[in-house]
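Biologist: Hi! I'm new to this one, so could you walk me through a few of its strands?
Modeller: Happy to, let's look at it together.

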Amino acid sequence: MFIFFAEFSASLGFGKLNDAMATPKKTVRDLQARGKRVLVRCDFNVPLEGSTITDDRRIREALPTIRHLAEAGARVILCSHLGRPKGVTPEFSLAPVAARLGELLGKPVNLAPDCVGPTAKAAVEALGDGEVLLLENVRFHPEEEKNDPVFAAELAALAELYVNDAFGTAHRAHASTEGVAHILPGVSGFLIEKELKYLGEALGNPGRPFVGILGGAKVKDKITVIDELLPKVDHLIIGGGMAFTFLKAKGYEIGKSLLDESNIEYAAKVLAESGDKILLPTDTVITTELTDTATTQVVASDAIPADHMGADIGPATLARFREVILAAKTVLWNGPMGVFEMTPFEAGTRGVAQAMADSEAITIVGGGDSAAAVDQFGLSDEMTHVSTGGGASLEFLEGKVLPGIAALQDA
Ligand code: ADP
Ligand code: MG
């Protein structure tokens, strides 16, 4: 088995992805792992309140790869970063993750006090076949983010094989995500395989109609995504804060709504060239303040008063977006439709998420805040795929090479 997107890469405009991304990668299924020490880079960067994990999705998502290796008789050595510690910082210890992982696996998971050095080595040597060990936060060493070759070699020396299953950090060339793959034979885990399958298929070989939905706060950050998606989609829905730069480009008054001044011209060009594919809000929920108790009004999107701002799409817009989503075969969504974190402005994002849940299309959600929104509405399980990698999925959608994946062995 391998990640299969070479076959459509040529014909369907994967031209921008370089060869390293278009080549299928070996996966954990290709490993002869029995009795072998296998270093697995996971994304255990979970939200914590004190030492309580408030959302363990990233741990649960890693289970298939860990179970597969343990059942194959490997000595499983897990590593991850957590947060942005400056040196060794106890509040960024992976201890809560080791505990939760042990509960989920139904067997103890020891935490080595360091990810390299004598304590890590001793913990690895004590591992039996099928046992699982977690190394302490790799970012306790600043060499991790510098992709320091000596540090990468120390990490690699703990193991004989390497598995990358941390999609969320695959866009970063760090020692544990990229450096080690130049020393140990590296393959992808099931999570990365799944991410590439859904994101890759959506971009390369989508069922049609293919509907892209973009929202969120900034046009600037997502210009390359717009450029990448436009030629591939049948419809591009633009909502959220991003929509106002486009509405402005149409000559509308947008009041105090989010505006990316420097991209009005870009938006105008996109509308002129591909306007027939683009759906913009026709009504907008406006307010004078972004608070949980704000008063709101719905107005036409070309009639936003100068002292108001647009904070969500209106009901007529949602109804139209919903129809398009229900008629789609593939829907790819990145960026909330409004300030969904606050009750007065959540309806548009909730409605789009619900439409995707109700649609029979393949539905894919990428982007950290979009994934959080879908989770907040309890609809994650209704989606075909919710990408765990915010930045990584965005870079993938932009057509960029993810170094943590490029460094893995070709199938
Ligand atoms: P993602 O993380 O899914 O890629 P972004 O980071 O681009 O999404 O955008 C998410 C943010 O956009 C949210 O915090 C949301 O409150 C904000 N947002 C959405 N619509 C608006 C709006 N109309 N005005 C201001 N902020 C908005
Ligand atoms: Mg975000």
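Modeller: Let's start with Val76, which stands opposite Val132 in S6. Keep in mind that this is a predicted model.
Biologist: Okay, and how do strands S4 and S6 run where they are joined?
Modeller: They run parallel, and 3 bridges join S4 (residues 75-79) to S6.
Biologist: Which residue stands opposite Leu135 in S6?
Modeller: That's Ala112. Strand S5 (residues 110-112) is joined to S6 by 3 bridges, and these two run parallel.
Biologist: How does the chain cross from S5 to S6?
Modeller: Through helix H5 (residues 117-125), in a β-α-β crossover that is right-handed.
Biologist: And are the residues of S6 buried or exposed?
Modeller: Val132, Leu133, Leu134 and Leu135 are all buried. Val132 and Leu134 point one way from the strand, while Leu133 and Leu135 point the other way.
Biologist: Nice. Switching topic: what is the order of the open sheet of 3 strands?
Modeller: The order is S13-S12-S14, and the pairing is antiparallel. S13 (297-300) and S14 (309-313) stand at the edges with a single partner strand each, so one side of each has no neighbour in the sheet.
Biologist: How much does the sheet twist?
Modeller: The twist averages 45° from one strand to the next.
Biologist: Which helix packs on that sheet?
Modeller: Helix H11 (residues 315-326), touching S12, S13 and S14. The direction of H11 makes about 40° with that of S14.
Biologist: Last one: how many bridges pair S12 with S13?
Modeller: S12 (residues 283-287) pairs with S13 over 4 bridges, in the antiparallel sense. For Asp283, the bridge partner in S13 is Ala300.

Notes: Residues are numbered from 1 along each chain as its sequence is written. Chains are lettered from A and ligands numbered from 1 in the order in which they are written. This is a predicted model: local features need pLDDT of at least 70, side-chain atom pairs count only at pLDDT 80 or more; totals for chains, interfaces and linings use all residues. Side-chain values use heavy atoms; hydrogens and water are left out. Two strands pair if DSSP finds at least two bridges between them. Axes are lines fitted to C-alpha atoms, for helices over the stretch in contact, and angles run from 0 to 180 degrees between N-to-C directions. Contact means heavy atoms within 4.5 Å. Buried means under 20% relative accessible area, exposed over 50%, partly exposed in between (1.4 Å probe, protein chains only). A crossover is right-handed if, with the strands pointing away from the viewer, the path from the first strand over the helix to the second runs clockwise.
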